[in-house]
Amino acid sequence: MSETPKDAAVTIPAQSAGARLTKDAAPGETLLKVTGLQKHFPIRKGLLQRQVGAVRAVDGIDFEVKSGETLGVVGESGCGKSTMGRLITRLLEPTAGQVEFEGKDITHLGVGGMRPLRRDVQMIFQDPYSSLNPRHTIGTIIGAPFKLQNVTPEGGVKKEVQRLLSVVGLNPEHYNRYPHEFSGGQRQRIGIARALALNPKLVVADEPVSALDVSIQAQVVNLLDDLQQELGLTYVIIAHDLSVVRHVSDRIAVMYLGKIVELADRESLYKAPMHPYTKALMSAVPIPDPRRRNAKSERILLKGDVPSPISPPSGCRFHTRCWKATQICTTVEPPLVELKPGQQVACHHPENFEDQAPQDTVLLTAAKEAAALVADEVLAESAETSAAVAAEVETASAEAEAETDAETASAEAEAETDAEAATDAETASTEGETPSKEK
Amino acid sequence: MTELSKSGAAVGEPTGTSPAPSSFLEVRDLKVHFPTDDGLVKSVDGLSFKLEKGKTLGIVGESGSGKSVTSLGIMGLHTAGQYGKRKAQISGEIWLDGTELLSADPDEVRKLRGRQMSMIFQDPLSALHPYYTIGQQIVEAYRTHHDVDKKAAKRRAVEMLERVGIPQPDKRVDSYPHEFSGGMRQRAMIAMSLVNNPELLIADEPTTALDVTVQAQILDLIRDLQKEFGSAVVVITHDLGVVAELADDILVMYGGRCVERGPAEKVFYEPRHPYTWGLLGSMPRLDREQQDRLIPVKGSPPSLINVPSGCAFNPRCPYADIPKDDLTRTVRPELTEVGSQHWAACHMSQEQRERIWTEEIAPKL
């Protein structure tokens with residue numbers, strides 16, 4: 001932040017292009033950088049309130065957000081996506097790790113230290129009913145950021161608030177109304193207007209449309225789209241709805257139990273997901289097409305529920321529900337690595353790609369049960385594609401030693417399609433020790 | 001206020017002189033109105049449909065379109081006067097397997113409720129009693145309708161829990177609702193509602209509170225159980241994906257009325273009401289190429305106290321000016337048959353709608 005607060009006070013309300021040029025990071029530059037971010041909520045018990053454990057809501061995540069792009073974050077409830085949103089807006093204090101905004105470390109800034117940054121980082125909340133103070137008029141609500149930051153916009157607060165109201169598609173004359181006089185969709189627009197008041201660079205939206213009706217959802221999604229194009233905003237959009245996330249995001253992070261399991265650009269993620277969890281998650285979305293109802297073969301049913309984040313499974317956190325899990329998954333945590341350009345995956349046995357641990361071919365007993373829920377077509381197809389990709393990679397590198405790898409890869413693929421056949425003997429010997437290690 | 005004074009009479013008034021229908025469930029001209037300080041809320045205003053055994057009807061609509069009120073109406077849960085002194089005003093006919101429910105004795109209906117018809121609620125945490133174990137609650141539901149001892153009822157509870165896929169059912173039967181995860185609670189609710197082998201199952205937003213992976217499990221479970229028990233199922237949801245998965249027939253509600261009703265295929269592929277087009281257009285879809293923009297329905301759902309005159313959808317309808325003589329704003333359109341077993345309530349002529357759908361709407365979806 002090279003600007004003094006006074007300078008900023010002048011530039012913020014002025015929406016002219018010239019004023020904004022000095023303020024914005026160039027598109028494509030890294031705006032937000034997160035490294036090893038953790039948030040553990042302590043569990044205290046007993047008279048002395050001793051800490052007996054911790055909910056590991058966010059447990060070491062790394063990502064970057066570039067200026068002008070939209071990062072979508074998806075995951076099931078309890079995977080830590082909302083906590084992550086609150087950490088990067090610094091509404092929560094991280095346990096460990098680092099958050100950098102425009103190259104500046106903001107991880108442990110206090111309330112006062114964060115204040116200048118609050119102009120640049122704003123949040124849109126999920127519930128438009130509880131995030132607006134019912135005793136304030138919407139004029140007061142949207143004008144509050146100016147008051148808090150001691151900013152007097154050009155032409156006065158009222159004029160600026162009315163301009164913001166018209167930007168988000170509300171009637172500027174409704175300045176003096178109270179939140180209860182508006183419908184859910186309109187309230188969400190008020191929340192958006194408030195977030196935009198100080199012309200922020202980064203907007204973190206936590207489930208911005210999930211409380212809204214379908215027809216209203218589309219209005220708000222389009223509004224977010226338009227505002228990004230007009231104002232050059234950068235978004236981090238947190239949502240559980242995969243179709244909404246695909247619609248709004250440029251890049252998508254999939255979270256599972258406090259970790260990012262896959263981070264990729266939209267096209268690659270939806271066309272060729274690599275992490276088994278991503279694949280299962282996408283296949284579970286009901287398709288609004290009655291003709292595909294009986295195409296059950298495409299669906300991957302996951303076993304049971306998400307494990308508790310208090311004691312997450314060892315190794316890969318997904319191994320308890322994964323149909324591809326082997327011994328290595330229970331012991332070694334897969335790192336998030338870039339397997340394809342623009343596609344980072346944390347998996348030992350990725351889909352649509354060369355196996356990362358080809359030596360480990362024996363499925364866990366739990367994985368066998370899980371695989372029973374997955375249609376044979378899906379298994380066969382995934383084995384085929386990973387073998388094909390593996391072969392492709394091999395020919396591209398065209399090395400002598402690569403050939404042996406390809407053999408193992410395809411042999412492994414066969415083993416996957418009928419896990420029982422070749423490896424039965426081996427399984428029998430290892431099965432005895434597998435469950436005990438799991439525990 | 002004249003309507004208010006009529007309210008007592010409207011409840012349970014024997015309106016049906018028409019003969020019992022052949023369908024398993026038939027709702028005729030159902031109206032559910034709530035008197036409030038601000039005026040009469042017409043939550044359901046003339047709804048009719050039929051449902052056969054072994055079939056699934058999906059009721060879709062936005063919040064406040066009257067979907068849940070309809071389901072509570074069928075279950076007979078409105079008449080208890082739980083809205084203070086003012087009772088809900090219900091009229092019309094609900095025929096379940098030859099019995100008219102609205103004019104029937106409340107005790108009769110109570111005997112049917114839970115046995116012949118039962119319901120899965122949206123939020124399993126608030127629908128289950130926190131003080132009793134899952135097992136006790138299922139046992140209660142079973143013993144209300146069956147004269148068996150506690151042991152036999154408990155065996156039945158364990159059997160049902162096992163059927164809905166709860167691991168270690170003999171142990172979990174003694175757990176409390178808070179010890180279950182969201183998906184397991186919903187399974188327990190399903191077990192409870194199916195314990196008496198009901199012939200009609202109403203599922204009100206059964207998966208809205210659940211994650212997609214769990215939703216997929218529950219949808220599969222409902223489908224399998226329906227096959228097994230051959231019940232008639234009414235699924236109420238705002239998610240078109242869920243109805244496409246489950247429903248044979250779809251009923252689209254708007255402002256307390258049915259605007260389109262027909263077989264699932266027809267409603268998805270040849271919808272004949274602008275509101276249905278709006279719903280299909282506002283939904284981002286995973287099975288299609290990325291759309292540039294969604295096509296939202298402008299405005300917001302109507303107030304049920306002041307439902308717009310004429311077609312309730314007219315203030316939001318982009319085609320409201322096509323019918324002549326301001327028809328959309330003055331005359332309420334009735335459901336007309338637009339195909340076999342397919343009805344829609346719109347003033348535009350069939351040809352106009354067909355043309356708009358095929359030329360303007362369908363290519364953009």
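# Notebook: chains A and B

**Entry 1: the chain contact.** I began between the chains and found 49 residues of chain B in contact with 40 residues of chain A. I was working on a predicted model throughout. The area buried between chain B and chain A came out at about 4,100 Å². Carbon and sulfur atoms give 51% of that area. I then asked which residues of chain B lose the most area to chain A. They are B:Thr213, B:Leu286 and B:Gln290. Together these three account for 17% of what the chain B side buries.

**Entry 2: domains of chain A.** Next I looked up the domain assignment of chain A. Domain 1 is given as 5-44 + 51-253, and domain 2 as 272-438. I counted eight residues of domain 1 in contact with 11 residues of domain 2. About 890 Å² is buried between these two domains of chain A, and 61% of it comes from carbon and sulfur atoms. On the domain 1 side, A:Arg56, A:Glu76 and A:Leu242 lose the most area to domain 2.

**Entry 3: a sheet in chain B.** I turned to the strands of chain B. Eight of them form an open sheet with mixed pairing. I read the order as β6-β7-β8-β3-β9-β10-β12-β11. Why is one side of β6 and of β11 left without a neighbour in the sheet? Both strands, β6 (117-120) and β11 (336-339) of chain B, stand at the edges, so each has a single partner strand.

Entry 4: I picked one strand pair in chain B to follow. Strand β3 (residues 56-60) and strand β9 (residues 249-254) run parallel, and four bridges join them. I traced B:Gly58 to its bridge partner in β9(B), which is B:Ile250. Then I looked at what lies across β9 and β10 (257-263) of chain B, and found helix α12 (residues 274-281). This helix runs at about 100° to β9(B).

**Entry 5: helix α5 of chain B.** Last, I went to α5 (residues 134-145), which has 12 residues. From first C-alpha to last it reaches 18 Å, close to the 16 Å expected at 1.5 Å a residue. Which residues of α5(B) are buried? I listed B:Ile134, B:Gly135, B:Gln137, B:Ile138, B:Val139, B:Tyr142 and B:His145. Their cover includes four helices of chain B: α3 (106-112), α6 (150-163), α7 (169-172) and α8 (182-194).

Conventions: Residues are numbered from 1 along each chain as its sequence is written. Chains are lettered from A and ligands numbered from 1 in the order in which they are written. This is a predicted model: local features need pLDDT of at least 70, side-chain atom pairs count only at pLDDT 80 or more; totals for chains, interfaces and linings use all residues. Side-chain values use heavy atoms; hydrogens and water are left out. Two strands pair if DSSP finds at least two bridges between them. Helices (H or I, at least four residues) and strands (E, at least two) are DSSP runs, numbered from the N terminus. Contact means heavy atoms within 4.5 Å. Axes are lines fitted to C-alpha atoms, for helices over the stretch in contact, and angles run from 0 to 180 degrees between N-to-C directions. The expected span of a helix is 1.5 Å times one less than its number of residues. Buried means under 20% relative accessible area, exposed over 50%, partly exposed in between (1.4 Å probe, protein chains only). Domain bounds come from an automatic or database domain assignment. Buried area is the accessible area (1.4 Å probe) that two parts lose on being put together, summed over both.
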